[in-house]
Every structure is written in C-alpha cells, then in structure tokens.
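Thank you for making time this morning.

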Amino acid sequence: MAEVNIQEDWKALLNDEFNKDYFENLIRFVKSEYKTSKIFPPGKQIFSAFDHTPPQNVKVVIIGQDPYHGEGQANGLCFSVADHIPQPPSLINIFKEIQDDLGTPPPSSGNLERWADQGVFLLNASLTVKAHQAGSHQGKGWETFTDTVIKKLSDEQKNIVFMLWGGFAKRKESLINKNNGHFILKSGHPSPLSANRGYWFGNKHFSKANEFLKSKNIQPIIW
C-alpha cells in the first residue's frame with residue numbers, strides 16, 4: 001500500500017484507493033519527479049486541501065484543473081496562492097465577483113486557507129505539476145483519484161454546494177450524487193478569457209451558496 005500523509009478522516013474514506021495499482025504507480029511517479037525536477041506545490045502541501053477540510057466539514061467544493069506552475073505560487077489549494085505572492089488573474093476575478101456579489105473588498109493576500117478552514121474544499125484535479133509546464137502531471141493517475149474523491153464525498157455527505165467553473169469542472173457533474181440534496185452551481189471560468197466574454201461576472205455564486213447553506217441551517221462562509 002502506498003504511504004500517504006493525509007488527514008485521518010480522508011485516509012479512512014479513501015483507504016481502498018491507496019491500495020490500487022494505479023495509485024501505487026502514481027505515487028512512484030510523483031516521488032521520482034520530486035527527486036529529479038522542480039515540482040509544485042512543495043511536497044508537504046500536496047494534500048493541503050484535505051488537511052484543511054476533513055470530509056465531514058465540507059460545505060462547498062470548488063474544482064480546479066492543476067496547481068499553479070510558477071515559482072512559489074501553489075500551496076495545495078485550487079485558485080489559492082501562498083502569502084506575499086501576487087494574485088493570478090483568475091483569483092483577481094474571483095475576488096471582483098465576491099465584491100460585486102457581497103460587497104466584500106478584495107483581500108491583500110490570495111491565500112485561501114481561511115476558506116478551506118471554514119469548509120470550502122479547494123480541490124485540483126491534478127495535485128502536482130512540473131515547474132512552468134501547465135498540465136505536465138495530467139493523465140498520470142491524479143484524475144482517477146480526485147474523481148473518486150468527488151464521488152465518495154457526494155455519496156457520503158449531504159447538502160454540499162458544488163461550484164463548477166468552466167468546461168473542465170462542469171464535466172465533473174456526472175460524479176455528483178443527485179440524491180443527497182447537493183446544490184450545483186455552474187458558470188464560466190474566472191480566467192480573463194472566459195470572464196471578459198461575460199461567462200463569469202454576475203454569477204453570484206457566493207451569495208447563492210450562502211443562501212443555500214443557511215436554508216439547511218449550516219453556517220455560511222465568510223468569503
């Protein structure tokens with residue numbers, strides 16, 4: 001079995017996955033890459049999304065594609081960057097929409113750990129990437145793992161808000177158990193290409209998510 005340093009409740013939920021051949025091969029590949037290349041995020045942060053948000057605490061799921069591949073950006077949470085790192089364009093547009101939707105001014109830091117600690121599960125489909133090579137760890141097994149995570153989470157929990165931004169994330173809708181009261185929000189991606197064509201701004205996902213959570217007597221998110 002591949003040894004995975006992940007939060008205990010996730011470990012219990014995903015234990016079967018860690019025993020599968022594809023996962024053992026994935027871990028071997030990832031370990032080899034960290035030894036021979038510059039890989040992001042830092043090894044200890046690969047499972048940051050899981051460590052900050054145990055499965056029973058998940059209120060909202062946001063799905064990204066793979067980590068930022070620039071120096072010092074990725075911190076294991078999708079769309080998030082480490083403190084003191086300039087905010088990437090997609091994140092700037094997320095904060096703009098929050099400001100338009102809720103009146104909350106954009107924060108100085110793009111570190112979304114404060115969301116994760118409130119129950120926002122910030123999951124990238126691939127959890128690692130080679131420096132300056134977007135998508136370089138796609139097709140190695142991460143997607144099989146993270147698809148299973150989405151499916152198990154939606155099977156085991158109820159009343160989660162799933163935010164599916166852009167075509168890639170929207171394709172994950174088929175993994176979501178429609179019988180468990182989940183709330184699915186879909187829009188274009190916050191990247192400038194999509195946002196500037198009118199597919200992102202005005203989606204009001206953040207107020208809609210909080211209204212849903214409150215309707216289920218779940219503490220809303222301080223975005």
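Contact, as I use the word, means heavy atoms within 4.5 Å. Before applying that, please keep in mind that this is a predicted model, in which local features need pLDDT of at least 70, side-chain atom pairs count only at pLDDT 80 or more, and totals for chains, interfaces and linings use all residues. Residues are numbered from 1 along each chain as its sequence is written, and side-chain values use heavy atoms, with hydrogens and water left out.

Let me start with Phe50, which touches Ile6, Gln7, Trp10, Leu14, Phe121, Leu123, Leu127, Phe145 and Val149, if residues up to four places away in sequence are not counted. Phe50 and Trp115 have the most contacts inside the largest nonpolar core, which has 63 residues. Such a core is a set of buried Ala, Val, Leu, Ile, Met, Phe, Trp, Tyr and Cys residues joined through side-chain atoms within 4.5 Å, where buried means under 20% relative accessible area, exposed over 50%, and partly exposed in between, with a 1.4 Å probe and protein chains only.

Next, the aromatic rings. Rings of Phe, Tyr and Trp (its six-membered ring) pair if their centres lie within 6.5 Å, and planes under 30 degrees apart count as stacked, over 60 as edge-to-face and the rest as tilted. By this rule the count comes to 21 aromatic pairs. Phe18 and Phe23 form a tilted pair, because their ring centres are 5.0 Å apart and their planes stand at 50°. Trp115 and Trp223, by contrast, pair edge-to-face, at 4.8 Å centre to centre and with 90° between the planes. Trp115 lies in helix 5 (residues 113-116) and Trp223 in the segment after helix 9, so this pair ties together parts that are 108 residues apart in sequence; the helices here are DSSP runs (H or I, at least four residues), as are the strands (E, at least two), numbered from the N terminus. Both Trp115 and Trp223 are buried. Phe50 returns as a member of one aromatic cluster, together with Trp10, Phe18, Tyr22, Phe23, Phe47, Phe121, Trp142 and Phe145.

On a 1 Å grid over the protein atoms alone, a cavity is a set of points where a 1.4 Å probe fits but cannot get out, a pocket is an open set with protein on both sides within 12 Å along at least five of seven lines, and lining residues have an atom within 4 Å of a point. Grid points are joined across faces, edges and corners, and a volume is the space filled by probe spheres set on the points.

Which residues lie nearest the centre of the largest pocket? They are Gln65, Asp66, Tyr68, Phe79 and His189, out of 28 lining residues, and the pocket holds about 470 Å³ of space. Helix 7 gives the largest share of that lining, four residues. Phe79 itself lies in the loop between strand 2 and helix 4, is buried at 9% relative accessibility, and has a positive phi near 70° although it is not a glycine.

The largest cavity has a volume of about 40 Å³, and its lining includes Pro41, Leu123 and Leu127. Pro41 is joined to Phe40 by a cis peptide bond, with omega about -5°, and lies in the loop between strand 1 (39-40) and helix 3 (48-52).
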